[in-house]
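Try each task before you read its solution.

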Amino acid sequence: MSTADYDVIAAEVHRKALQNLTDEMAITLVRTSGSPIVTESKDFSTCLLDTAGEHLGFSSYVLFHVGSSLIGTKAIIDLVAAQGGELKPGDGWVVNDPHTAGAMHQGDVSIIMPTFYEGEHLGWSFANMHVLDVGGVGISGYAPGAHDVYQEGLRFPPIKIIRDGRIDPEWETYIAANVRAPGAVLNDIRSMVASNRTGERKLKQIIDEFGLEHHKRYCEINKDLSEQVLRERIAKIPDGVYEAVDWNEFDGHDGPDRLLELRVRLEVDGTDLRYTYSGVPQIDAFVNSTEGPMFGQAMTGLMTVLVYGDLPVNGGLWRPISVDIGEPGTIVNSIPPAPVSNAHSEVGMRACKLSKDVLCQALALSDDPLLRSRIAGQHQDGFPGNALFGTNQHGGVSVIFYPDNAIGSGGGAQTINDGQDAYGLTCTTGGGIPDIENHEGADPVLFLWRRLVANSGGPGQMRGGQSLDQAYAITDGSGMSGPCFNACAQVPPHGVGGGYPGSAGSFHPVRESNVPALLAARTLPTMERLDGREERVRSKLTHINLAVGDVFVATAGGGAGLGDPLLRPPALVVRDVIDGYVTARHAEHVYGVVLAGSELDAAATDATRARIRRERIGAEPGRALRAPASIGVSLVRDAEWWSCASCAEQLAPASGNWREGAVLRELPIAERYEQLEMIVRDRLEEPRVTTREHFCPGCAASLGVDVATSELETLPAASALREAVVV
Amino acid sequence: MSNSVGNGNGTAPSAFIGVDVGGTHTDVSVVYDGRVERGKALTTYDDFSRGVLEAVGVAAGNYELGMEELLRRTQLFINGTTVVTNTITTLRGSRVGVLITSGFRDAFRLAGGPRTTEIDDHLQVNVPDLVQRRAIAEIDERVNWAGEVLVPLDVEQVKAQARYLVEEVGVDALAVCFLWSHANEAHELAAEAAIKEVYPDLFVTPSHRVFPVEGETRRWTTAILNSFVQDRAEVYLTSLNERLRSAGLGGGLAFFQGLGGGISLEKARQYPLGLLGSGPAGGALGANELAKRMGKRRVLLGDMGGTSFDTGIISDNEIHIDKNLQLGPFMTGVNIVDVISVGAGGGSIGWVSERGVPQVGPQSAGSTPGPAALGRGGEQPTVTDAMVTLGFIDPDNYLGGRVQLRPELARAALDGTFGERFGWSTEQAAAAIHDLVVVNMANAVREVSVGKGHDPRDFLFLAYGGTLPLFASQIAERLSIDTIVIPQNSSVFCALGLLSSDYVTRNDQGVNWDLSKPDGVERVNAIAARMVEEAIAQMESEGFARDQIDVQRSADLRFQGQAYELTLPMPARPLTADDASAIFDDFLAHYERTYGEGTAWKGVPASLINYSVTVTGRGERPQLGAVAAAGEAAGELVRETREVFLPAERRRERIPVIDDARFVVGARVEGPAIIDAVDTTIYVPPGTTAVRDEHMNYVLTR
């Protein structure tokens, strides 16, 4: 590196000051907001942007708001330019429209305000939170029953509702008249205004200290530095085109039960990354996505993989990256009247997994061991959620949106450790699970259990993280009702490097349960004692009514595995069996580990592992199964061949798909998961979902386990590869 | 034996001893015979009490007394210890078993959501298992939100599960964790009694006893931590008590809590978790006592050691207490003096990050290899190396001349890391490290002040610890603080702080009173009356007379539906229904003061969530820092001059070095200057004036 022609220390001090600024905006938001959605699950975001609309600092809570902040601010910049109006301190816009202004879904409301220094407009501050309600047919912004965006509740393209730092009273009246919890929602908006004002005050202090010219210069320098580091990392990723496919589930309305295909194509070109998403035509349900959720979720997947060590998040990060979502009218680029109230969590979360999928394919082929170590199993990214509304035991009403199962989702296995239990969604950094006592104290519910789900973590040399399962009975009031939705019930997240997919999520009500009778008999209603009419319900339910005495069971899904499960040290499997984290049958079937009492049965384990390997390829393997040199990297590619990383067996020409040379075992996923005592929702309609386990014909190593529909012939492999450009 | 305070045994013992067992050193401060003496020894990890007695022996020697003679003359011995903190950070504690409400045994892994705010997925790991999953046994029982029993406890099941945990799993302490036990403790108490029937000597922590507040994750985690640290704390407490008693200590023995006060041996045995974080709390207490003597009400305090910088805030002579301490990955209900720590110390390493940006810390060279200038193989430049290079640390007089530094190695390390890469002179590289460590510390001070709604300019900065006085002025300048106070005995300030501590216990109890329903007041009064009665009885059992006991009441309030509470003082009398609206008004005013005008929620009722009682037993305390009269400067203030590189001005200059012994009360020095004190070095930059006040503090003003 050459000698800098600026004060590097001052520039770094300035960067830390801007980071403190966005953190203090976040603190203000958390402290002044009462909503447990903010204080517990941390479903919010704050950031600062310049006049060009580039990020200067970003508080990492919900990551996908890099999208809503960029695009929402851009929409306001364009609007102001078009109107030719004058910006004034204390002006503020509300934004929640995915179609026109980059919002994630209507429930995530942004307040964006201009920043000034001595009269000069310097940029924008942004605060966003998931407000308790936005009206409409759904609750808390979720409307699985809506057929168009107009049914989904209040929709704000950028609207200037704030003047002189206060919400216009006319707008207050209007908003209050249209939401279920007017007091709470208006307080949420005030909290965001307070957060922005904190940002403005802090910015003035920073510029007072550094001077305006230095402030501007250091902002540019720090963006350049982040860009430079990311480009250096991208340069070590082999050039080429990487592709992946996933399916969004929609079984709502009156059917049919659909799987909506979407794809991504990542082109790695020198120090640039170009994502191109495509998908089937948009549908008349809340899963459709738009520019904001697509960009935000693509970057979320990218950030958790590539943002590590010394890489501050600012506008420099987005410069090497482009995200193309194709022609309008598809599920990845929908236009009105398409409903979008779960854009971020349906197609959006699939987009996040796709982004990480193609990156992991590419990183696995890098010469750089650090980059190879960044591959990971998929996170669950989808959760059984429900929002409810009804009277409570205190004589008031409860509006419920429990984040428990979202934050309780399992994390994907990493190269350095098993996936984290209750990791949450990829986007929910810092998320928390509210206590049961908080719920029972506020709402008419009695929890029967909250536990980790056995076998929920996808099998692998590193196991996926485990997920949360809970059940509550309605015990008071006059019943609760609202929408239910689960984005990941049928097509669970897949593993990497021969690791297996994780369990999916699910929910169901138990009608007319025996809970009241058990309680009358002073007996504890436990999972074993619970009885009643278990109802199979759709994963996207317009409205569920839960009567007093009904029980709602919601099970989050786990993270996916990394590496061949037969390579997992038996002692770790034994410990998991003793702890009850995996069942004995699961341990035997997928890990080949057998216990005698509470000890490892080494001989039986050896025999079982040998048998599993024979069964995998239908013959005695000719070569030994060895751990690959780089954990989780099951395939290597040279100029001519794709080969097995365990035994060097040549699988397919380098220009082809490695799957051609592998032994395939394809089973309907419900059947395979039943063998493994894992959870997935079986489809009753075509196409089926299958697991495709690919094994090395030489050593029987698990090379890759795909999750695909029976209609798709094969998943794509990396193509058009060139050697990485060394900078 | 009584642990009463101030009970002489006929020989009129009058010494006070404060001992702070720190990570590296065990520090002792003694007040006896009208003066303060110090003792230091290395901390002895195999048996902490050995180092304690050694350090006491050193201090006794300064009075020309034997250790046993000093102990015989001791009225009160107050001990702060890292043993509990250390047990948790090393995760080497008791094998704990848990009895938990059926259905909820995974609460500790779920941990309220373990993911951090870091983006990097490699930093997301499970919360360490303080208890094995097989050591968590489920019990059929249930209490609801109103404290009503839905399903009675099956005592026989409790006994059977306790037997299973002890006999089959091999646990050596238990915690009882039931839902809503803060609203109705009957089941946890009955379970404890049933366990004691089978195992009378087994250590049991019922969760409501350590944190009777809504929110099971914190309450239960606090309970298992208390049982987790029990074994090692017990060994320490017993060993220290026996050694001190057999060495002749006849006076009181108190253990200092992170809450900022002492407790007796017996209470420490029941609630060893209270001993967490006592070291920094001692410093804060000492800072507050000093501030009171100086007539100052608002203090930001800082303490810099080899690896970290600790900072906290005192407002209106109240030390800020952090409720619900987040202890690494563990959510707890521990109340502790709010001191935050950042990785900025003398050993912090300067390095260049991937973006090509110079950084300092949080990695530290520690004592091995230590700073490059030590010549023990350290090749990375540290803060100490920078200060040697700038001329602020005298290489011939480091640690009182016990260690000879090699400045050429410091320079080589700086040049190697920064010089060529940035085209800097060695001094410029050193100044860069200096600036960065100052910024890191100033940011921490900003976090404890601005982050809690205070303007640092309204505070004075009290800087102690051996290293901080070199940096205190620049930290203060970054925060626009105009007064810095550096106390005498800076390096054993924490141990000295212990001497001003009273006995303190604090209890929080969830009450959940809806202020819009004033008729709920009687229930709150009943709870408050019981809490006060129990707390006073507890303090009386420690040997305090009623007139030595102070009771403070406070309450946590929030708007209904909120998750964060604000704390208000409560009157020392039963509340009436009429108080509900007055308390609500107070809360509104306090809320808007805290969060800004117009932020209070409109039309939403508030609830009084927790009621808290803090009881203080005040005993006789040593007279510290008698006011000294202005003296005549005995000779020339300036001992010598030294060439230093002024970091802010970026220029080399020869500046005076002030002889501490001659820097008497009332003396004054204009910067730039260095004051060489016994255990610290103070830098007075240009434009700053230093005076010695009547408490023997160095007071720097700009």
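Helices here are DSSP runs of H or I with at least four residues, strands are E runs of at least two, and both are numbered from the N terminus. Keep in mind that this is a predicted model.

**Exercise 1. The end of a helix**

Task: Find which residue just after α15(A) takes a positive phi, then work out which residues of this helix are buried and where they pack.

Solution: 
- Step 1. Start by locating α15 in chain A, which spans residues 584-591. Just beyond this helix comes Gly592(A), with a positive phi of about 65°.
- Step 2. Count neighbours: a residue is buried if 20 or more other C-beta atoms lie within 10 Å of its own. His586(A), Ala587(A), Val590(A) and Tyr591(A) are buried in α15(A).
- Step 3. These residues are on the same side of α15(A), because they cover an arc of only 100° around the axis.
- Step 4. Their packing partner is α14 of chain A, residues 570-579.

**Exercise 2. A sheet and its helices**

Task: Determine the strand order of the open sheet of 4 strands in chain B, and find which helices lie against its strands.

Solution: 
- Step 1. Reading across the sheet gives β6-β5-β9-β10 of chain B, with parallel pairing.
- Step 2. At the edges are β6(B), residues 136-139, and β10(B), residues 203-206, each pairing on one side only. From one strand to the next, the twist averages 20°.
- Step 3. Now take one pair: β9(B), residues 173-177, joins β10(B) in the parallel sense over 4 bridges. In this pair, Val176(B) stands opposite Pro206(B).
- Step 4. Helix α5(B), residues 155-169, packs on the sheet and touches β5, β6 and β9 of chain B. Its direction makes about 170° with that of β6(B).
- Step 5. Helix α6(B), residues 186-198, lies across β5, β9 and β10 of chain B and runs at about 170° to β10(B).

**Exercise 3. The whole chain**

Task: Compare the radius of gyration of chain B with that of a compact globule of 702 residues.

Solution: 
- Step 1. A compact globule with 702 residues would have a radius of gyration near 27 Å; chain B has 27 Å, so the two agree.
- Step 2. For the extents, the C-alpha atoms of chain B fill a box of roughly 80 × 65 × 55 Å along the principal axes.
- Step 3. Finally, 55% of the residues in chain B are buried. Among its contacts with a separation of 6 or more, 67% join residues 24 or more positions apart.

Technical notes: Residues numbered from 1 in each chain as written. Chains lettered and ligands numbered in written order. Predicted model: local features only at pLDDT ≥ 70, side-chain atom pairs only at ≥ 80, totals over all residues. Buried ≥ 20, exposed ≤ 12 C-beta atoms within 10 Å, placed from the backbone. Arc of directions from axis to C-beta. Contact = placed C-beta atoms within 7 Å. Pairing = 2+ DSSP bridges. Axes fitted to C-alpha atoms, helices over the stretch in contact; angles between N-to-C directions. Rg over C-alpha atoms; globule rule 2.2 N^0.38 Å.
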